[in-house]
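Please consult the sequence and the structure alongside the text.

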Amino acid sequence: MKRITKLEELADAIERIKNQKKVDTETINKLKLKLDEEEKISRNYLQITQNGIFAKNIKKALKWNKKVIDLKHELNTLIKSY
């Protein structure tokens, strides 16, 4: 699934920000926007799978949605620490 690779790229970007001494707010804002978009898409996909159209993909949708939420939580924690 293409979205999983995109989430891995976003996770790598968050890790890079963690390792930097000086944090760029523009980069964080871009990441936040990308994660917001991913969250919208993942929630829509989850809703579609729960409505029975793609019922066999419920596990994938739940995994994807959980990963997006975890990344958003990690980014928010990182923002609060700076």
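## Burial and basis of the model

A residue is called buried under 20% relative accessible area, exposed over 50%, and partly exposed in between (1.4 Å probe, protein chains only). By this criterion, 29% of the 82 residues of the chain are buried.

The model is predicted: local features need pLDDT of at least 70, side-chain atom pairs count only at pLDDT 80 or more, and totals for chains, interfaces and linings use all residues. Residues are numbered from 1 along each chain as its sequence is written, and side-chain values use heavy atoms, with hydrogens and water left out.

## Fold

The chain contains three helices and zero strands, where helices (H or I, at least four residues) and strands (E, at least two) are DSSP runs numbered from the N terminus. Along the sequence the pattern is α-α-α. A box of roughly 45 × 20 × 15 Å along the principal axes holds the C-alpha atoms.

Contacts are heavy atoms within 4.5 Å. Of those between residues at least 6 apart in sequence, 66% join residues at least 24 apart.

## Surface

The chain exposes about 6100 Å², of which carbon and sulfur atoms supply 52%; accessible areas come from the Shrake-Rupley method with a 1.4 Å probe, and for residues only the protein chains shown count as cover.

I53 lies in the loop between helix 2 (25-50) and helix 3 (58-81). With a relative accessible area of 60%, I53 is exposed.

## Charges

The chain has 20 positive and 12 negative charges, and their mean positions are 4 Å apart. Lys and Arg count as positive and Asp and Glu as negative, without His and the chain ends; each charge is placed at NZ of Lys, CZ of Arg, CG of Asp or CD of Glu.
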